[in-house]
Amino acid sequence: TETRRVALVTGSTSGIGLAIAKKFATIGYDVAVNSFEDEADVAEAMADVCALGSGQIAYFRADLADPTDSFELVQSVVARFGQLDVLVNNAGIQKVAPIEELPPADWDRILAISLDSAFHTIRAAIPGMTERGWGRIINVASAHGLRASPFKSAYVATKHAVVGLTKTVALETAEKGVTANAICPGYVWTPLAATQVADQARAHNLSEEQVIRQVMLAPQPTRQFVQPEEIAEMAAYLCTDMARSITGSTISIDGGWTAK
Ligand code: NAD
């Protein structure tokens, strides 16, 4: 019989996180789906994941901007499923504005949801993983964890920090059967990408169509958006036993962006 695996994917009711949750459901994992929305408002996403799954699928509402919620999310998953083998820190938000116009509250929130929450969930998840001698930590960083773009100070700082956190966790868990990696996508067509088009248009003084071609797809040599399913495939691969030596890595899926 196959080894049972339990995966938690944060921010998994939309975009990349939803694609990862669906992939894990497809390969028979028990999947903990998370967002900060009411369960009634995520019924469609949950139905999508459940339709693919043969394992158990459950929704865990938690606000990842909150340290206690982040830590307790992992505890709730362990209480419900008995273990946590795969932790995907994916939840994230974006704000496009020149630094002098970026509200400090937005700076704090971007760091809290993507960086601080990863610290808290990893802290909560590691003891169980090292005890069982197997674990996978996958942080969805960004090409902006490796390169900067104007008007994204909080996001770029956060994603660079997530890469540093990932590398450190990889070193600390290297002899314990646990790997930690950062997937660094270029522009992926999701609601997060779609909703920043208007902000980008304002910041760059361009039309929305110009933003898509000249700002978003310009740094991506393929001139194509990455699809969420491409990120999900990599997440699943990192969970195989063959991927046991991939740790502390940044894995770019960015159409050639960071080759430049
Ligand atoms: P999305 O907006 O489609 O999904 C984000 C998810 O996070 C949603 O499920 C949302 O409910 C959840 N979330 C937001 N705030 C939360 C909170 N406080 N508590 C719990 N959950 C919360 O975004 P996406 O494009 O799928 O992005 C997912 C990740 O991928 C983010 O970390 C993002 O930075 C990263 N990323 C995205 C792109 C891109 O172009 N879309 C590129 C590189 C990296």
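**Group meeting talk: a sheet, a helix and a ligand**

Hi everyone, let's start at the ligand: of the 28 residues around it, G11, G15, G92, T190 and L192 come nearest. A residue counts as near here if its C-beta atom, placed from the backbone, lies within 6 Å of the molecule. Helix 1, helix 4 (104-132) and helix 6 (191-204) are the elements that each give two or more residues to this shell. Sorted by class, the shell holds 14 nonpolar, twelve polar and two charged residues. In that count Ala, Val, Leu, Ile, Met, Phe, Trp, Tyr, Cys and Pro are nonpolar, Asp, Glu, Lys and Arg are charged, and the others, Gly among them, are polar.

Before I go on, please remember that this is a predicted model: local features need pLDDT of at least 70, side-chain atom pairs count only at pLDDT 80 or more, and totals for chains, interfaces and linings use all residues. Residue numbers run from 1 along each chain as its sequence is written. Helices (H or I, at least four residues) and strands (E, at least two) are DSSP runs, numbered from the N terminus.

Seven strands form an open sheet in the order 3-2-1-4-5-6-7, with parallel pairing; two strands pair if DSSP finds at least two bridges between them. At the edges sit strand 3 (57-61) and strand 7, each pairing on one side only. From one strand to the next the twist averages 20°; axes are lines fitted to C-alpha atoms, for helices over the stretch in contact, and angles run from 0 to 180 degrees between N-to-C directions.

Let's walk through some of the pairs. Strand 1 (residues 6-9) and strand 2 are parallel and share four bridges, with A7 opposite V31 in strand 2. Strand 4 and strand 5 run parallel too, joined by four bridges, and there L87 faces I137 in strand 5. Strand 6 is joined to strand 7 by four bridges, again in parallel, and P185 stands opposite I253 in strand 7.

How many of the six residues of strand 2 are buried? Six of the six are, so strand 2 is largely enclosed by the rest of the structure. Buried means 20 or more other C-beta atoms within 10 Å of the residue's own, exposed means 12 or fewer, and partly exposed is in between, with C-beta atoms placed from the backbone. As a reminder, in a regular strand the side chains alternate between the two faces of the sheet. In strand 2, D30, A32 and N34 point one way while V31, V33 and S35 point the other, and all are buried. Strand 5 also has six of its six residues buried, so strand 5 is largely enclosed by the rest of the structure. Both its faces are covered: G135, I137 and N139 are buried on one side, and R136, I138 and V140 on the other.

Next, what lies across the sheet? The buried residues of helix 8 (residues 228-238) are P228, I231, A232, A235 and L238. They cover an arc of only 120° around the axis, which puts them on the same side of helix 8; the arc is that of the directions from the helix axis to the C-beta atoms.

Helix 1 has a residue I'd like you to find on screen. A21 lies in helix 1 and is buried, with 32 other C-beta atoms within 10 Å. Leaving out residues up to four places away in sequence, A21 touches V9, S12, V31, V33 and V49; contact means C-beta atoms, placed from the backbone, within 7 Å.

Most residues other than glycine have a negative phi, and most peptide bonds are trans. F151, though not a glycine, has a positive phi of about 70°, and so does N205, at about 60°. Buried or exposed, which is F151? F151, in the loop between strand 5 and helix 5 (153-173), is buried, with 20 other C-beta atoms within 10 Å. N205, in the loop between helix 6 and helix 7 (208-216), is exposed, with 7 other C-beta atoms within 10 Å.

Methods: Two residues are in contact if their C-beta atoms, placed from the backbone, lie within 7 Å.
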